[in-house]
Every structure is written in C-alpha cells, then in structure tokens.
Amino acid sequence: MHFKKLLLLILSISLMVLFTACNSQSTEEQIHNHLEEAVTLEEEFEKQQSEITDLELKEQEIYNQIIDLGMDDFETIKELSNQALEIIEQRKEKIGLEKDSIVSSKEEFNEIEALLDDIENQELKDITESMYEVMNNRYSAYEDLNGAYTESLKLEQELYELLQQEDLEQDRLTDQINSINKSYEQVLHSNEAFNNYTVEYNEFKKEFYETADIAVSFEE
C-alpha cells in the first residue's frame, strides 16, 4: 500500500480590490463581496489540507515500519497499528472540518444566484453565469472527492484492525491492500477533477473582474 499526497488547489485568497466609496453597492460589487467571502470561508479548508498531509506522512512511516516486521514482532505490529488507527481518527476529524469549510463557502457563493438577472451587461452576465456553473461543478467534485477519501480511510482502518489478528492470512491482507490502492485511484481521479474546476473558476473570476472594470491585484 502506498499513500498518495493530494494536491488540492485553493481559491486565490490574496486579492486587493479598490472601490470608490459610495452609499450603495452595484450588482457587480455585491457579487464581488460574495466571491471573496467564499474565499475567506475556505481558509479553514486550506489549513486542514496542510495538517491532513502531515498526518498522512506520519501514517506512511508507521506502515513502512509494520511491513518491515515479521510475525515474531506481533506485539510491536499491534502497537504500531494502534498508533495508525489513532492517526486515522485524527484524519477523519480534519476531513470533517475541511468539509464544513467547503459547505460554508458554497452557501455564501450561491448567494450570487439571485443577482445574476440584475446584471445589465450581457457579456458580463454570460461570464458570471459560466463562473457560477463551474464553481458549483467544483463543489460537486469536492463531494465526490470527500466521499472517495472517506471510503479510503474506512479501508485503511480495516487494514490496521486486520494487522492485529495473529492468525491473519496473507491472501486476506493482500486483498485489503489492493482494495485500498484501488480506492486511492478514485481519490486521485476526483482530486484531479476538483483541481481542474478550481483552475477554470479562477480564470472566470479574473475575467469577471476585468469585464466589470473592477480594479484588482491577484497575488499568485
């Protein structure tokens, strides 16, 4: 079994916007506010990603230690397996926090739907509608990714529970490892889709600001 480090692209969060002060906001400015608040709500997602990666590396180290041991070291295998199970519980918790962040971002972002019909410039309206569609595809891709990752965690947990059985047969162990590796293929596929939608969304977002003639500075 080998763990795959996930590279999840995030929304651009370093964005400086210059507005002329006014008492009321235009439709474009209201949309801007929702877009950037959605980004802010994903900051927790970014934080959890970093911590999840660290936990994955720790678990990989434990797994490598286990596979170097023989059944004469069964007590050590049990101890290491328990450590791995603790890390899996931590990963589950952080995946939950990550998902909460994405859900909050989605709720904020979808506030722009009610503003779409108020956009007078047809070109800008088309861009905004495309941006809205792509972002919701991104949220759907995250749902797929979260589900695939959660399933992989379940299979990993079963693996470490199996490793605590002294009479474990090699075929059973091999089947479990193969199931985990297959599950991570789906994780990587979903991860790629999520990243692609993130890139596409950020491109539409820049186009939105340019067409709306809103002065912005993106920091990559």
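Helices α2 (43-67) and α5 each supply at least two residues of the lining of the largest pocket. Helices here are DSSP runs of H or I with at least four residues, strands are runs of E with at least two, and both are numbered from the N terminus. The model is predicted: local features need pLDDT of at least 70, side-chain atom pairs count only at pLDDT 80 or more, and totals for chains, interfaces and linings use all residues. Residues are numbered from 1 along each chain as its sequence is written, and side-chain values use heavy atoms, with hydrogens and water left out.

**Pocket**

The largest pocket holds about 250 Å³ of space. It is lined by 15 residues, and the closest to its centre are Met71, Ile77, Leu163, Leu168 and Leu173. A pocket is an open set of points on a 1 Å grid over the protein atoms alone, where a 1.4 Å probe fits, with protein on both sides within 12 Å along at least five of seven lines; lining residues have an atom within 4 Å of a point. Points are joined across faces, edges and corners, and the volume is the space filled by probe spheres set on them.

**Overall build**

The chain has five helices and two strands. From the N terminus, their order is β-α-α-α-α-α-β. Of its 220 residues, 43% count as buried. Buried means under 20% relative accessible area, exposed over 50%, and partly exposed in between (1.4 Å probe, protein chains only). The accessible surface comes to about 11900 Å², and carbon and sulfur atoms own 43% of that surface. These areas come from the Shrake-Rupley method with a 1.4 Å probe. Among contacts between residues at least 6 apart in sequence, 85% join residues at least 24 apart. A contact means heavy atoms within 4.5 Å.

Helix α5 has 42 residues and reaches 62 Å from its first C-alpha to its last, close to the 62 Å expected at 1.5 Å a residue. The expected span is 1.5 Å times one less than the number of residues. Just after α5, Asp213 takes a positive phi of about 55°. Most residues other than glycine have a negative phi. Asp213 is not a glycine. It sits in the loop between α5 (170-211) and β2 (215-218). Asp213 is exposed, at 70% relative accessible area.

**Salt bridges**

The whole structure contains nine salt bridges. Each puts a side-chain nitrogen of Lys or Arg within 4 Å of a carboxyl oxygen of Asp or Glu.

| Pair | N to O distance |
|---|---|
| Lys205 and Glu36 | 3.0 Å |
| Glu89 and Lys92 | 3.4 Å |
| Lys154 and Glu158 | 2.9 Å |

Which parts does the pair Lys205 and Glu36 tie together? Lys205 lies in helix α5 and Glu36 in helix α1 (residues 27-41), so the bridge joins parts that are 169 residues apart in sequence. Both Lys205 and Glu36 are buried.

The other two pairs stay within a helix each. Glu89 and Lys92 are three residues apart in helix α3 (residues 74-109), about one helical turn. Glu89 is partly exposed at 43% relative accessibility, and Lys92 is partly exposed at 35%. Lys154 and Glu158 are four residues apart in helix α4 (residues 122-162), about one turn. Lys154 is partly exposed at 42%, and Glu158 is partly exposed at 25%.

Salt bridges also link Glu59, Arg91 and Glu156 in a network.
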